[in-house]
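Please consult the sequence and structure shown below.

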Amino acid sequence: SPVSSRSRVHLRGQELQQGGLDKSANFNRAMVRLAVLAASLSAASAFQAPWHARSVKYTRSAPLKMAATDVLMPALSSTMTEGKIVSWLVSEGDEVKAGDAIMVVESDKADMDVEAFEDGFVAKIITDEGGSAAVGATVALFAESEADIAAVSAGGVSGGATAAPAPATAAAAPAPAAAPAAAPAAAAPAVVNSGRVVATGYAKKLASERGVDLRTVVGTGPGGRVMAPDVEVSPGGALVHVPAPGVVAATPTARELAKKNKLDLGSVKGTGNFGRVTEDDVLVALGKPPKNAPPAPAPAAPAAAAPAPAAAPAAAAPVGVVPMSGMMKAVAKNMEATMDVPIFRVSRTIVTDNFDALYAKLKPKGVTVSALLAKACGMVLEKHPVVNAAYDESGAIKYNEKINVAMAVALDGGLITPTLQDANSKDIFLLGREWKDLVDKAKQGKLSPPEYNSGTFVISNLGMFGVQQFDAILPKGMGSILAIAASTPTVVQQANGHFGVQKQMTVTITCDHRHIYGADAALFLKDLADLLENNAESLVF
């Protein structure tokens, strides 16, 4: 508790004063350390690291003369109450520098690398791999020096005993080979646009950020307009990721495998995105076959083929009580929380012939149905801000400044909602690329909090499974969720009296009835149908 923490700090201050710190300089330095410690202890219970710099929180162990540091389970999301340690990336006795990844933690949303907050030595791992700990609980102990490892691990006090002399440092590693001579400068790209260059706003922004001359970019938009993808594929327009000095970009699985086999990741050439070291890269470096290697060509069939081996038996179905993962627990909790919200549902059939024709044109360029649906809903939500709003428990309506469309994605053992931010204003090609990246991250458990908890409107699409119609449960804190079913050929009577075939899909919106009324939902679906049926081409611009 904060009171007991402050008491410990006070007692430590008395202990320091009685321990003979009569020199004012030493005493002042000790008081500064105590002040920093007091602030750390009082804030420990509310600690939450930003998603882009997941660092472990530390508190000093009592008494102060024992140079030990508690490594606490960090809060990786606003709803996280406990975390599961997927793997330790360090072992007891290892030296750790501030910023080093030391463990992989499974929160209620994703798996994340957790970095060290300060330098030290791993003295004791308290929570083993596969174990869970509450947020703020101690999962490991760090020692300030190698001489203190044994004392910290045993829970003893190093006291004033003289530390044994440190072993001689290992021979210096050989100097790295000289960098190869710089390649000759590439020829400047040719100018293809003379006079005024017509480009989208986002294309101009990308070109400015990446130093690309728009006169050298071939536009593929209407009338030769330069689009954002044109800038990205132009010479010099590709985004290059450069890791921080001394940091080796690698997946958590690759780090764990390298650690177990005592392999220096710096010696492994990465083949993943932006040169990231993958599990297969580590396997190849160890002389083992990669998991994702292409299948070997089948040998020529002999004259008399041997009988095919019997198929392997199917895996046994689970029986009995099986613990839920952190993500599954979070989903269950959120679903229970929605039971107290008064809701209503409205359904409508939408003809998708024009929408399907547009998708057929854009699919070769990497645009998905999900991106198109998110863009369509974002554009319609501009006209219906109350559907994009949420109810505030104070008795008010919270209108959201942005239109962020979240879409439910089923994972092995859970459900998550990656979010396309500013879906109403972004280019459809950019949305397509962002959605692909979000889905890849979701499958790897690598989504950051803003990528899954910033949605203002939700889409649940089961059309790919052939579902004819379904209702979605309203997520906690949201105003609306749209359930989209399959688009199927349907026989209808046309205006001329003849029968024809149309492709139709049923959409059902679930709304919070405390601030959204039936007419609001009906008008939203009416405008969505009008956009998809009569103006689908507007999704491109």
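## Strand pairings of β20

Within β20, V507 is the bridge partner of I484. This belongs to the antiparallel pairing of strand β18 (residues 480–484) with β20, which spans five bridges; two strands pair if DSSP finds at least two bridges between them. Helices (H or I, at least four residues) and strands (E, at least two) are DSSP runs, numbered from the N terminus. The model is predicted: local features need pLDDT of at least 70, side-chain atom pairs count only at pLDDT 80 or more, and totals for chains, interfaces and linings use all residues. Residues are numbered from 1 along each chain as its sequence is written, and side-chain values use heavy atoms, with hydrogens and water left out.

Strand β10 (residues 343–351) also pairs with β20 (residues 499–512) in the antiparallel sense, over nine bridges. In this pairing S347 stands opposite T508 of β20.

## The β19–β20 hairpin

Strand β19 (residues 488–493) is antiparallel to β20, and six bridges join them. The two strands form a hairpin with five residues between them. In the turn, G497 has a positive phi of about 90°. V492 has G500 in β20 as its bridge partner, and T490 has Q502.

## Packing of α9 and α10

Helix α9 (residues 353–362) and helix α10 (residues 369–381) have axes that come within 10 Å and cross at roughly 125°. Axes are lines fitted to C-alpha atoms, for helices over the stretch in contact, and angles run from 0 to 180 degrees between N-to-C directions. The angle makes α9 oblique to α10; angles under 35 degrees count as roughly parallel, over 145 as roughly antiparallel, 65 to 115 as roughly perpendicular and the rest as oblique.

F355, L358, Y359 and L362 of α9 meet V369, L372 and L373 of α10, where contact means heavy atoms within 4.5 Å. The residues of this contact comprise seven nonpolar, no polar and no charged. Ala, Val, Leu, Ile, Met, Phe, Trp, Tyr, Cys and Pro count as nonpolar, Asp, Glu, Lys and Arg as charged, and the others, Gly among them, as polar.

## Packing of α10 and α11

Helix α11 (residues 428–444) packs against α10 at an angle of about 125°, the axes being 9 Å apart. α10 and α11 are therefore oblique to each other.

From α10, S370, A371, L372 and K375 meet I428, L431, G432 and W435 of α11. By class, the contact of α10 with α11 has five nonpolar, two polar and one charged residues.
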